[in-house]
Amino acid sequence: MKRLTGRVIKHGRASGIALVSPEPISFFGMVDADTGIVIEPGHPLVGEQIAGRILVFPTGKGSTVGSYSLYRLAKAGRAPAAIINRESDPIVAVGAIISDIPMVDQVDISQIHTGDWVQIEGGEVVVKDRA
Amino acid sequence: MKLTPYEQSLLEGAEGRGVQKAMEIVVALGRIYGAEDLVEISSAQVAGVSYKNLGEAGLEFLSDWAAQGARVRVPTTLNPAGLDLHNWRQLGFDAAFAAKQQRVLEAFAAMGIPPSCTCTPYLVGNVPARGEHVAWAESSAVSFANSVLGARTNREGGPSALAAAIVGRTARYGLHLDVNRRAQLVVEVRCPVRSLSDFGVLGILVGQQARHRVPYLRGLDTTRLLNWPAGLDLLKTLGAAMAASGAVALYHVEGVTPESDEPDIIAPGAERITVTDLRAGYQALERGEQFALDLVWFGCPHASLAELEEIVRLLNGRRCKVPLWVTMARALRDEAARNGLLQRFEALGGHVVADTCLVVAPMQGLGFRCMATPCAKGAYYAPTHSGMAVHFSSPEACVEAAVTGRWIAEADEKVER
């Protein structure tokens with residue numbers, strides 16, 4: 001078990017299975033709004049389900065509409081349980097705030113791998129390696 | 001970050017969930033960018049208005065936020081919508097899209113924001129004074145407010161500008177601070193820059209080099225730029241182009257813009273570049289390909305009355321053979337209707353299209369495939385945002401294209417000369 005710390009962008013508590021993207025993410029056009037499945041061609045997470053996962057990625061990218069796209073996912077119950085970034089960008093940060101999704105940044109995300117069990121509470125991130 | 005007791009109370013929900021959410025956004029952005037505190041703003045310009053860009057997600061969010069009691073507490077103007085709110089049917093826009101757009105504007109109205117629907121709020125009364133702090137989205141308006149008016153704003157996004165309007169404050173970082181308003185790039189212009197399209201091309205070239213930095217331009221014809229209102233239109237297109245090809249939120253022009261003569265306005269160690277030729281910029285914007293011309297567009301950013309007057313002068317009594325659209329704020333269109341300018345333009349077959357622009361309207365649904373424009377920002381975005389091929393040239397060449405119905409390539413013109 002590892003304990004990491006970060007900076008709180010949106011306060012909250014969540015736990016779940018990590019889904020890690022090595023590439024930046026834009027929620028606008030990347031994720032099907034009804035299913036929560038990544039549809040962006042060529043994205044390393046294409047075909048993955050983000051709903052209920054602890055979504056880990058370096059930072060956001062793309063249109064400011066992405067904040068609203070995340071909100072729509074949350075209303076449909078298809079949003080990630082929490083978001084962990086290396087360095088947050090305003091689009092994802094605003095999206096997490098308006099959607100009530102716990103979010104932490106300034107975390108050493110190289111310590112987290114897809115399939116790990118992750119819990120975040122405030123700025124504390126607990127990681128249990130997939131066995 | 002230091003918050004006043006009042007700001008802290010908003011963050012804790014003293015004025016309801018809608019205001020609390022706005023405060024959370026403003027504070028989070030401040031923390032991300034290392035702001036020490038918040039600063040009161042005198043106005044806001046909100047982007048993310050067209051239903052084409054917002055989609056169902058944005059509409060839902062704005063409606064929910066309004067229902068949670070979010071209300072703006074400073075004068076707030078809106079970016080263009082996805083269609084002309086009065087004339088959409090005649091122009092061929094879809095009724096279902098119009099209904100969705102109307103719901104977006106109702107959500108904004110519930111928050112206290114009238115449907116100004118223009119990217120040039122500074123032409124319709126939202127004119128912050130030098131040194132005033134504001135929270136503006138819309139990159140071209142941000143550039144104008146900072147550079148030409150000397151007001152202070154970062155490049156806000158749609159939600160962050162709206163959040164700032166709701167709490168009347170934004171985080172004090174970036175261009176709100178003196179130190180970040182100094183130029184990090186000095187651009188020596190050593191070629192003639194005369195027309196609207198020349199200034200746009202210069203903006204495209206400088207933006208590519210400047211990226212996020214503040215450029216300081218030297219060598220421009222200050223008499224031309226200080227000859228208002230025409231000079232303001234040149235600065236408008238110059239800044240819009242820089243903000244499109246780069247992320248330039250502030251520029252200085254020696255002897256013209258208000259902060260250009262401040263001491264130490266050029267940062268130590270600023271890079272220096274020279275622009276000697278605009279041809280590469282013209283070539284980069286020319287993407288007319290093999291399509292027949294079916295539209296000529298002026299008004300990106302939205303046109304001023306002086307620009308509309310100039311187009312009527314260039315038409316010189318001749319009728320348009322292909323549609324000639326001038327996009328502008330409804331308030332200015334109405335002004336043109338009162339003084340007869342609109343009628344003179346329409347008599348020659350021109351259309352003033354208010355409330356929208358070709359970058360945020362669903363143009364593909366209207367069947368247009370290829371346009372001509374002298375507006376560099378519009379030419380830069382149209383192929384990707386509107387799915388249209390673009391011919392780019394001077395205002396004179398674009399008006400000739402509207403009148404003759406065909407595009408005369410620059411190369412051919414030079415051969416003819």
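The model is predicted.

**The sheet in chain B**

Five strands of chain B form an open sheet in the order β12-β11-β10-β13-β14, with parallel pairing. β12 (350-354) and β14 (389-392) stand at the edges. Each has a single partner strand, so one side of each lacks a neighbour in the sheet. From one strand to the next, the twist averages 30°.

The β11(B) and β12(B) pairing is parallel and runs over five bridges.

How many residues of β11(B) are buried? Five of the five are, so the strand is largely enclosed by the rest of the structure. Both of its faces are covered. L324(B), V326(B) and M328(B) are buried on one side, and W325(B) and T327(B) on the other.

Helix α12(B) packs on this sheet and touches β10, β11 (324-328) and β12 of chain B. Its direction makes about 165° with that of β11(B). Together, β10(B), α12(B) and β11(B) make a right-handed β-α-β unit.

G299(B) sits in the loop between β10 (295-298) and α12 (305-315) of chain B. Is this residue buried or exposed? Its relative accessible area is 2%, and buried means under 20%, so G299(B) counts as buried. Leaving aside residues up to four places away in sequence, G299(B) touches T327(B) and C375(B). T327(B) is one of the buried residues of β11(B). By contrast, E286(B) is 13 residues from G299(B) along the chain, and their C-alpha atoms are separated by 18 Å.

**The contact between chains A and B**

The two chains bury about 1,900 Å² between them, 63% of it on carbon and sulfur atoms. On the chain B side, R31(B), I32(B) and P159(B) lose the most area to chain A, together 27% of what that side buries. The contact takes 21 residues from chain B and 20 residues from chain A.

Five salt bridges are counted between the chains. One of the pairs that cross joins D100(A) to R17(B). D100(A) lies in the loop between α2 (90-99) and β6 (103-105) of chain A, and R17(B) in helix α2 (residues 17-32) of chain B. Both partners are partly exposed: D100(A) at 46% relative accessible area, R17(B) at 27%.

**Salt bridges**

Over all chains, the whole structure holds 35 salt bridges. Four of them are listed here.

| Residue | Partner | N to O distance |
|---|---|---|
| K75(A) | E60(B) | 3.5 Å |
| D100(A) | R17(B) | 3.2 Å |
| R279(B) | D277(B) | 2.7 Å |
| R330(B) | D355(B) | 2.7 Å |

The last two pairs lie within chain B. R279(B) is exposed, with a relative accessible area of 55%, while D277(B) is partly exposed at 33%. R330(B) and D355(B) are both buried. That pair links distant parts of the chain, 25 residues apart. R330(B) is in helix α13 (residues 330-339) of chain B, and D355(B) is in the loop between β12 and β13 of chain B.

Terms used: Residues numbered from 1 in each chain as written. Chains lettered and ligands numbered in written order. Predicted model: local features only at pLDDT ≥ 70, side-chain atom pairs only at ≥ 80, totals over all residues. Heavy atoms only, no water. Helix = DSSP H or I, 4+ residues; strand = E, 2+ residues; numbered from the N terminus. Buried < 20%, exposed > 50% of the residue type's maximum accessible area, 1.4 Å probe, protein only. Contact = heavy atoms within 4.5 Å. Pairing = 2+ DSSP bridges. Axes fitted to C-alpha atoms, helices over the stretch in contact; angles between N-to-C directions. Right-handed = clockwise from strand over helix to strand, strands pointing away. Buried area = accessible area lost by both parts, 1.4 Å probe. Salt bridge = Lys/Arg side-chain N within 4 Å of Asp/Glu carboxyl O.
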